[in-house]
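Let's take a walk through a protein model together.

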Amino acid sequence: MGTFLNSIRCLLNKFLIYIIGVSLFSIACKENIKKRETPYILDIPDAFPEMPIPSHNPLTVEKVELGRKLFFDPILSVDSTISCASCHIPQIAFADHEPQAKGIHGKIGMRNTPTLYNIGYAPYLFMEGKVPDLETQVIAPVQHEEEMGLNLRDLLKRLEKHPYYKKQFQLAFGEKPTPGNFVRALACFERTLISGNSSYDQYINGDTNALTAQQKLGMELFFSERLQCSKCHGGFNFTNYGFENIGLYVHYEDIGLARATADTNDIGKFKVPTLRNISITYPYMHNGSLQTLNDVIEFYNEGGKKNPNKSSLIKPLKLSEAEKKALISFLESLTEEQAYTKYLQP
Amino acid sequence: MKFRIAFILLSITAFFNIGCGSEKSSRIFLKINLTAEGQPLQLNTDYTSPEGTLIQFSMVRFYVSQISLIKENNEEIHYPDNYYLADSQSENLFLIDEAVTGKFKGIRFGLGVDSTRNDSSGIYAIPAYEYPADHALSPANFMYWSWNPGYIFMKLEGKADTSANGILNEIGETFSIHTGFKEAYVFIERNYNFTTKGDDIILQVNAEIPNFFTNYNLRSKKKDAHPSNSKHEDFPYVLEIVNNSNLVFGNIFE
């Protein structure tokens, strides 16, 4: 008898919980802004492949707009002084001119800021390549004490209180800010950062006057068997995304890939960087130790320092002065001057 | 108006709810009491490590996962999705199950984050950004290597009087041990008989933190161990510390 009453009570109880749930849900829904998913069409240059977009994060206009706002907003750093764009400066091809990145309170990081153009094509991120995608990468700078130093939990509280973000997260994701949709928005914006309309691109698209005679000579050298630059810096984005030691040092202070693998054969190996927009992203190398393209070419011409892990492709080149100038001039043709303008505030 | 109706319904529910469900089930909690020299662990307070070094802790944090309750008949109730973060500044009272019934003889738990959640190539791997910010596995807890994604199983940080002059605040006398990787994932198993009777059951265990340094002389061994994988030169040190876990955790009591 007792158990019978008990089960009736429990049934009734479940029913009431259901009613409350439904009524609370309808209250919540009234206040919601409806999620919108306007497809965002990437402006991909003819000579570029399709960009791989993860199925869990399709590009939408709403997400890209939210990501753009986040990218430029110092709200992402603990003292509201540093945004992603403080280091990844649009006018500098989303890189900067510091040898090593400068974060909150002027703290100096261990590495040079790389360009973010065409980053959506990178099969893995950072110089050790251990970060699998742009979504995962976002956590690193935000929480890193030498970069933005902000706890994700505190960041989300800030975003929830902010009128624009409150609205835009609803619009883009139909929910309030969460770690998952925060990183997805930034990743969407980053995938729109594409540069593929340099003089070099115009040249290969048929405009034979887009390169000077000197640049054409430089191009031949760059792709030649003698110099072998394109063995590593090949493909549409001028990188094969491999990991190589180019003999920058005899003893590497930053051990590169070996940081992650703990394999001595990996000491001094870094992910091959893109050379697009290279003339404006100085200084060069993982630690910004080479100031100019001239320094870089001199370095390659000498064939690098002695290092057991140095790639066999790096050896003395015996370039003439004219050849050096031609090579630099070709590298300069990989820059797209005004590419950044479309990413600034509309 | 809708809110008021909801409130009234809620009150009625509360009334009906009393005594609802099967009588014999209990809520089961695990409570981990961090201790040093047998007393509740205080941060930035002098203690002596088992091999005699004056030490202070500034941060103690570790994951507990893969809990199993072991029944008298050797059946096990396994909680593969429960992840907890024990911290020197929290109460560390973890709800294992809302309602469980039976006669039990023990408990087992893992220290760290098992490879199903920690191996990015694993089929069960869930990217860290998918966890809500207040989840134990959120990177917001700073128990995550973001440049080489993976969870830090345990952080032991503080000061150690490595010059053995009785003064702790000298330059270079800090230590920082960050453990991780599947080879450093260890299980703790303890016998304890309990039967669910409806009341909450709080299984308590003391964790005598300085015992992590049993036979680990901070003067001669690494004070800073931050391996990036199990082949890293710091890893053997991490393993030595983790292998002391059985000396850290005491017997279960209520």
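Helix H9 (199-204), helix H11 (229-232) and helix H14 (321-332) of chain A are among the elements that cover the buried residues of H10(A). Which residues of helix H10 (residues 213-222) are buried? They are Gln215(A), Gly218(A), Met219(A), Leu221(A) and Phe222(A). Looking down the axis of H10(A), you would find these buried residues within an arc of 160 degrees, so they line one face of the helix. An α-helix has 3.6 residues a turn, so residues three or four places apart point the same way. Ala213(A) and Glu220(A), on the other side of H10(A), are exposed.

Now step back and take in chain A as a whole. This is a predicted model, and chain A has an average pLDDT of 91, with 90% of its residues scoring at least 70.

Chain A contains 14 helices and 2 strands, and its C-alpha trace spans about 100 × 45 × 40 Å along the principal axes. Of its 346 residues, 53% count as buried. Take the contacts in chain A between residues at least 6 apart in sequence: 66% of them join residues at least 24 apart. The accessible surface of the chain comes to about 16500 Å², and carbon and sulfur atoms account for 57% of that. As for charge, chain A carries 37 positive and 38 negative side chains, and the centres of the two sets lie 7 Å apart.

Next, find Asn118(A), in the loop between helix H3 (84-87) and helix H4 (134-137) of chain A. Is Asn118(A) buried or exposed? Its relative accessibility is 1%, so Asn118(A) counts as buried. Leaving out residues up to four places away in sequence, Asn118(A) touches Phe48(A), Leu193(A), Ile194(A), Ser195(A), Asn237(A), Tyr241(A) and Arg276(A).

One of those partners, Tyr241(A), has a story of its own. Tyr241(A) sits in the loop between H11 and strand E1 (243-244) of chain A, and at 12% relative accessibility this residue is buried. Its phi is near 55 degrees, a positive value in a residue other than glycine. Most residues other than glycine have a negative phi, and most peptide bonds are trans. Phe126(A) also has a positive phi, of about 70 degrees, although it is not a glycine. You can find Phe126(A) in the loop between H3 and H4 of chain A, where it is partly exposed, with a relative accessible area of 28%. For a peptide bond that is cis, look from Tyr282(A) to Pro283(A), where omega is near -5 degrees. Pro283(A) lies in the loop between strand E2 (270-271) and helix H13 (293-302) of chain A.

Finally, move over to chain B. Phe212(B) is in the loop between strand E13 (201-208) and strand E14 (224-225), and it is buried, with a relative accessible area of 1%. Which residues are in contact with Phe212(B), leaving aside its neighbours within four places in sequence? They are Met154(B), Leu156(B), Ile241(B), Asn244(B), Ser245(B) and Val248(B).

Key: Residues are numbered from 1 along each chain as its sequence is written. Chains are lettered from A and ligands numbered from 1 in the order in which they are written. This is a predicted model: local features need pLDDT of at least 70, side-chain atom pairs count only at pLDDT 80 or more; totals for chains, interfaces and linings use all residues. Side-chain values use heavy atoms; hydrogens and water are left out. Helices (H or I, at least four residues) and strands (E, at least two) are DSSP runs, numbered from the N terminus. Buried means under 20% relative accessible area, exposed over 50%, partly exposed in between (1.4 Å probe, protein chains only). Contact means heavy atoms within 4.5 Å. Accessible areas come from the Shrake-Rupley method with a 1.4 Å probe; for residues, only the protein chains shown count as cover. Lys and Arg count as positive and Asp and Glu as negative; His and the chain ends are not counted. The place of a charge is taken as NZ of Lys, CZ of Arg, CG of Asp or CD of Glu. pLDDT is the predictor's confidence in each residue, from 0 to 100. The arc is that of the directions from the helix axis to the C-beta atoms.
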